[in-house]
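Subject: Structure handover

Hello,

Here is the structure you will be working with, with notes on what was found in it. Please keep it open while you read.

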Amino acid sequence: MNCPICNQSDTKVLDSRTNSSGNAVRRRRECNGCGHRFTTYERAEQPVMYIIKKDGRREKFNRDKLARGIAKACEKRPISANSIETIVEEIEDGISNMIKREIKSELLGRFILDKLKKLDPVAYLRFASVYLDFKDVNSFKEEVEALLESGEDE
């Protein structure tokens, strides 16, 4: 593994542990050249999963795109990077355990909304405002009222 700072290949592993779902190994490494410490993840290669978009196009599942979308919804909220990573892992595990190798984007969006609703109501509303494509302020207001009625805002 090359150091991301000096690109030297001489690095040592300081610590290894599996993630919470057991599907990846997290390794803390240190460069023997410059002393920089960094983290790497080792995952088993999964079969390619496809997302079926609303217009019928098929797109390869992209874990990084999923993580960026969730992180954007959680921006400036008191949510740890660990919590975001856990949600990404749970969603990725959930869809990779499906028998079919395709999932509709609507279903993926619902998985994400369910996780965010339990984590943080503001992050949920941010994601919902893009995913549910509110047409006007009233549809947004209805979603806020439904969230308040469900008691998920506490």
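In which hand of crossing, left-handed or right-handed, does H3 pass H4? The crossing of H3 past H4 is left-handed. Please keep in mind that this is a predicted model. The notes below go through the helix pairs and then the pockets.

Helices H3 and H4

Helix H3 covers residues 105-119 and helix H4 covers residues 121-131. Their axes come within 8 Å and cross at roughly 160°. Because of that angle, H3 counts as roughly antiparallel to H4. On the H3 side, the residues in contact are Ser105, Glu106, Gly109, Arg110, Ile112, Leu113, Leu116 and Lys117. They meet Ala123, Tyr124, Phe127, Ala128 and Tyr131 of H4. Sorted by class, this contact holds eight nonpolar, two polar and three charged residues.

Helices H2 and H3

H3 also packs with another helix, H2, and the axes of H2 and H3 come within 11 Å, crossing at roughly 145°. The crossing of this pair is right-handed. From H2, the contact uses Ser83, Ile87, Glu90, Ile91 and Ile95. From H3, the contact uses Leu108, Phe111, Ile112, Lys115, Leu116 and Leu119. The classes here are eight nonpolar, one polar and two charged.

Helices H1 and H2

How do the axes of H1 and H2 cross? They come within 10 Å and cross at roughly 135°, which means that H1 is oblique to H2. This crossing is right-handed. H1 brings Arg63, Leu66, Ala67, Ile70 and Ala71 to the contact. H2 brings Ile84, Glu85, Ile87, Val88, Glu89, Ile91 and Glu92. The contact has eight nonpolar and four charged residues, and no polar ones.

The largest pocket

The largest pocket has a volume of about 540 Å³. It is lined by 20 residues, and those closest to its centre are Lys53, Lys65, Ile112, Phe127 and Tyr131. Which elements each supply at least two residues of this lining? They are strand S5 (58-60), helix H1 (63-73), H3 and H4. H1 gives the largest share, five residues. By class, the lining has nine nonpolar, four polar and seven charged residues.

Of its 17 lining residues, Ala44, Gln46, Pro47, Phe61 and Glu92 are the closest to the centre. Helix H2 (residues 81-96) gives the most to this lining, with four residues. The classes are six nonpolar, five polar and six charged.

Regards

Conventions. Residues are numbered from 1 along each chain as its sequence is written. This is a predicted model: local features need pLDDT of at least 70, side-chain atom pairs count only at pLDDT 80 or more; totals for chains, interfaces and linings use all residues. Side-chain values use heavy atoms; hydrogens and water are left out. Axes are lines fitted to C-alpha atoms, for helices over the stretch in contact, and angles run from 0 to 180 degrees between N-to-C directions. Angles under 35 degrees count as roughly parallel, over 145 as roughly antiparallel, 65 to 115 as roughly perpendicular and the rest as oblique. A crossing is left-handed if the near helix is turned anticlockwise from the far one by less than a right angle, and right-handed if clockwise. Contact means heavy atoms within 4.5 Å. Ala, Val, Leu, Ile, Met, Phe, Trp, Tyr, Cys and Pro count as nonpolar, Asp, Glu, Lys and Arg as charged, and the others, Gly among them, as polar. On a 1 Å grid over the protein atoms alone, a cavity is a set of points where a 1.4 Å probe fits but cannot get out, and a pocket is an open set with protein on both sides within 12 Å along at least five of seven lines; lining residues have an atom within 4 Å of a point. Grid points are joined across faces, edges and corners, and a volume is the space filled by probe spheres set on the points.
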